[in-house]
Amino acid sequence: MECRTLEINVMSGKDLNKVNLITKMDVYVVVSISGTDDRSNQKTKTHVDNEGDNNPTWNFPIKFTIDDNAVVQNRLHLVFKLRCQRALGDKDIGEVDVPIKELLESPNSTGSKQFVSYQIRKPSGKPKGQLTFSYQFSDKITGNYTVDAKIDQPVTAYPAVNPNPMVGTSVYPPPPPQQGPSGPYPPLPPNDYGVSPNGPAPVGYPQPAVAAGGYGYGYPPPPPQYAYPPQQGGYGYPPPPPQYAYPPQQGVYGYPPPVQRPPKKNNNFGLGLGAGLLGGALGGMLIGDAISDGGGFDGGFDF
């Protein structure tokens, strides 16, 4: 398969259709290769120009790989879609559709870079504005080609995995074999006290005997405790009268008590004023976009 490389530089736009009535337009261009074959479809976009308004400038280079046979048969088109970035959704400004065969058949298209300007058509079909770009074709290349100009399709590379990992490279020696009753040495006989040198078996202590009454070791329960009767008064005298408390202090040395002042209220007037100004600015932007949307039947105004 014979293919070519098409290098494009999206340079600038002039006198574009204004879709914003109040604020400046933030314009970008979506550039694509369209054809009958899905493999030939390629797409990318420029950055957004926030300063040029209806005369933006980008100077954005793009490179496409195209099928030479499809170009000769006039089945590939170079499409430029100019759009305005907005808070309530991006809006179309205009479009330029150029047959790639027309660019290839122009003189010196493969020898040097060519500069051209095409008229922009609004969504209604009316001409408005001008788009300038440069292009250059490379010589024919024989072989398969891959489409790599896409929007929002990042390429992620992962490190290669070693299919043959190293075996036996550990610096630590293997653990020694466990010696047990089935090892090369027979178990030792128990000593005179009946304890095996291989390790004593767990021995449990018997539960203590519980005597009658629920107390262990045969001891009887303790006698009940006796409490002293409440004191009714000494030697026939009545109990002492209740204690009296002093009245609350009314002041120091005859002066009246201090008067507590109520806490001072915080003044949030400054904070409320700042929030109101911010909300008013944001609301003004949104209202401006809404007015721009309903301002024309063909999606824009001619000035």
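In the predicted model, cysteine 3 is buried, at a relative accessible area of 5%. Cysteine 84 is likewise buried, with a value of 0%. A search of the whole structure for disulfides returns 0. A disulfide is a covalent bond between the sulfur atoms of two cysteines.

The secondary structure consists of 3 helices and 9 strands. Along the sequence these elements follow the order β-β-β-β-α-β-β-α-β-β-β-α. The protein has 303 residues, of which 25% are buried. Among contacts with a separation of 6 or more, 66% are between residues 24 or more positions apart. The accessible surface amounts to about 23,200 Å², and carbon and sulfur atoms account for 58% of that area.

In soluble globular proteins, nonpolar side chains tend to be buried together. In this model, the largest nonpolar core comprises 33 residues. The residues with the most contacts inside this core are Ile8, Val10, Phe64, Leu78, Phe80 and Ile100. Strand S5 makes the greatest contribution to the core, with 5 residues. For leucine 78, the contacts beyond its neighbours within four places in sequence are with Ile8, Val31, Ser32, Ile33, Phe64, Val96, Asp97, Val98, Ile100, Leu103 and Phe133. One of these partners, Ile33, belongs to strand S2, which spans residues 27-35. Isoleucine 33 has a relative accessibility of 2% and therefore counts as buried. The C-alpha atom of isoleucine 33 lies 5.7 Å from that of histidine 77, although the two residues are 44 residues apart in sequence.

The search for aromatic pairs across the whole structure gives 3. A pair of aromatic rings is described by the distance of the centres and the angle of the planes. Phenylalanine 80 and phenylalanine 133 form a tilted pair, with 4.7 Å between the centres and 35° between the planes. Phenylalanine 80 is located in strand S5 (residues 76-84) and phenylalanine 133 in strand S8 (residues 127-137), so this pair ties together parts that are 53 residues apart in sequence. Phenylalanine 80 is buried, with a relative accessible area of 0%. Phenylalanine 133 also counts as buried, at 0% relative accessibility. Tyrosine 135 and phenylalanine 137 form an edge-to-face pair, with a centre-to-centre distance of 6.0 Å and an angle of 75° between the planes. Tyrosine 135 has a relative accessibility of 2% and counts as buried; phenylalanine 137 is also buried, at 2%.

Backbone geometry was examined next. Most residues other than glycine have a negative phi, and most peptide bonds are trans. Aspartate 15, which is not a glycine, has a positive phi of about 55°. This residue is in the loop between strand S1 (2-14) and S2. Aspartate 15 is partly exposed, with 35% relative accessibility. Asparagine 59 likewise has a positive phi, near 55°, in a residue other than glycine. Asparagine 59, however, lies in a strand, S4, formed by residues 57-67. Its relative accessible area is 47%, so asparagine 59 counts as partly exposed.

Aspartate 92 is part of strand S6, which covers residues 91-99. At a relative accessible area of 41%, aspartate 92 is partly exposed. Leaving aside neighbours within four places in sequence, the contacts of aspartate 92 are with Val19, Leu82, Arg83 and Pro123. For proline 123, which is 31 residues away along the chain, the C-alpha separation from aspartate 92 is 7.2 Å.

Key. Residues are numbered from 1 along each chain as its sequence is written. This is a predicted model: local features need pLDDT of at least 70, side-chain atom pairs count only at pLDDT 80 or more; totals for chains, interfaces and linings use all residues. Side-chain values use heavy atoms; hydrogens and water are left out. A disulfide is a pair of cysteine sulfur atoms within 2.5 Å. Buried means under 20% relative accessible area, exposed over 50%, partly exposed in between (1.4 Å probe, protein chains only). Rings of Phe, Tyr and Trp (its six-membered ring) pair if their centres lie within 6.5 Å; planes under 30 degrees apart count as stacked, over 60 as edge-to-face and the rest as tilted. Helices (H or I, at least four residues) and strands (E, at least two) are DSSP runs, numbered from the N terminus. Contact means heavy atoms within 4.5 Å. Accessible areas come from the Shrake-Rupley method with a 1.4 Å probe; for residues, only the protein chains shown count as cover. A nonpolar core is a set of buried Ala, Val, Leu, Ile, Met, Phe, Trp, Tyr and Cys residues joined through side-chain atoms within 4.5 Å.
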